[in-house]
Amino acid sequence: MGQKSNPIGLRLQINRTWDSRWYAEGRDYAKLLSEDIKLRKHIVDSLPQAAISKVVIERPAKLCRISIYAARPGVIIGKKGADIEKLRTKLSSMTDSEVKLNIVEIRKPEIDAKLVAQGIADQLIRRVAFRRAMKRAVQSALRLGAEGIKIVCGGRLGGAEIARVEWYREGRVPLHTLRANVDYAEAEALTAYGIIGIKCWIFKGEILAHDPTAQDRLMMEAQTSGVRPAR
């Protein structure tokens, strides 16, 4: 029986760091953790069209700095920044800290595991053939510079009576290599036949320096021009 390890948890403190970055003791820890979960859920649920990949929350002193990584930042910002101000006000009401928002544009959504998995899930909901959706995602990722990609779909594929698992892999996806920059994400497609689960691994090359913030730094360098200043 295979003992599977989450590629993100396995690489924490090796070439990537946490999405929540703060320190707390005792009851404060539970309170802040609960706040983080609520803030993330609200952001993702209220902006489904923005193609949000991840939400990073940092808490220096009495400040709550939230960085939203999205493929369509214009949806979050709105006309003349009206929508982002509404969002900031709503998030401020959910926490005691002062909220600052950073919107980071993802220039290549085709090689972001979360967005690839969510894109396939959206296609399955629209009744696109699962094989076509998976193949198209694989080809797009390789064309835009990924060194390898693996996609797994499981459930009642195509409305079949018996659930099964289908997968496609192109290029290298070295899961045991800790220096490998492997992006991993899961998504669910709620179809008429039931839920179909999608897992996606994208290998973007190796990080040779031991640097926990390496993945974040590489992402920021790739899309430096897409950073919006904090508000």
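**Close-up 1. Ser97 and the residues it touches.** Setting aside residues up to four places away in sequence, Ser97 touches Arg59, Lys62, Leu63 and Cys64; contact here means heavy atoms within 4.5 Å. Ser97 sits in the loop between helix H4 (82–92) and strand E4 (98–105). Helices (H or I, at least four residues) and strands (E, at least two) are DSSP runs, numbered from the N terminus. With a relative accessible area of 16%, Ser97 is buried. The scale used in these legends is buried under 20% relative accessible area, exposed over 50% and partly exposed in between, with a 1.4 Å probe and protein chains only. As a note for every view, this is a predicted model, in which local features need pLDDT of at least 70 and side-chain atom pairs count only at pLDDT 80 or more, while totals for chains, interfaces and linings use all residues. Residues are numbered from 1 along each chain as its sequence is written, and side-chain values use heavy atoms, with hydrogens and water left out.

**Close-up 2. The open sheet E1-E2-E3-E4.** Four strands in this order form an open sheet with mixed pairing. Strand E1 (20–21) and E4 are the edge strands, each pairing on one side only. Two strands pair if DSSP finds at least two bridges between them. E1 runs parallel to strand E2 (residues 52–58), and two bridges join them. To find this pairing, look for Arg21, whose bridge partner in E2 is Glu58.

**Close-up 3. Two loop residues with positive phi.** Gln13 is not a glycine, yet its phi is positive, at about 70 degrees. Gln13 belongs to the loop between H1 and E1, and its 38% relative accessibility makes it partly exposed. Ala61 is another residue other than glycine with a positive phi, near 50 degrees. You will find Ala61 in the loop between E2 and strand E3 (63–70). Ala61 is exposed, with a relative accessible area of 82%.

**Close-up 4. The aromatic pair Trp22 and Tyr29.** Two aromatic pairs are present in the structure. In the pair shown here, the ring centres of Trp22 and Tyr29 are 5.6 Å apart and the planes lie at 55 degrees, so the pair is tilted. Rings of Phe, Tyr and Trp (its six-membered ring) pair if their centres lie within 6.5 Å; planes under 30 degrees apart count as stacked, over 60 as edge-to-face and the rest as tilted. Trp22 is buried at 18% relative accessibility, whereas Tyr29 is partly exposed at 43%.

**Close-up 5. The aromatic pair Tyr184 and Trp201.** Tyr184 and Trp201 also form a tilted pair, with 5.1 Å from centre to centre and 45 degrees between the planes. Because Tyr184 lies in strand E7 and Trp201 in strand E8, the pair ties together parts that are 17 residues apart in sequence. Both Tyr184 and Trp201 are buried.

Close-up 6. E7 and E8 run antiparallel and are joined by eleven bridges. They form a hairpin with two residues between them. Within this pairing, Ala189 stands opposite Ile196 in E8. E5 and E8 are also antiparallel, paired over seven bridges. Here Ile149 has Ile202 in E8 as its bridge partner.

**Close-up 7. The second largest pocket.** This pocket holds about 440 Å³ of space. Its lining has 21 residues, and the closest to the pocket centre are Lys4, Ser5, Leu175, Lys199 and Trp201. Helix H1 (7–11), strand E5 (148–155), strand E7 (180–191) and strand E8 (194–206) are the elements that give two or more residues to the lining. On a 1 Å grid over the protein atoms alone, a pocket is an open set of points where a 1.4 Å probe fits, with protein on both sides within 12 Å along at least five of seven lines, and lining residues have an atom within 4 Å of a point. Grid points are joined across faces, edges and corners, and the volume is the space filled by probe spheres set on the points.

**Close-up 8. Glu166 and its contacts.** Glu166 is part of strand E6 (residues 164–171). Neighbours within four places in sequence aside, Glu166 is in contact with Phe130, Arg131, Met134, Ile151, Val152, Cys153 and Leu157. Met134 is 32 residues from Glu166 in sequence, and their C-alpha atoms are 9.7 Å apart in space.
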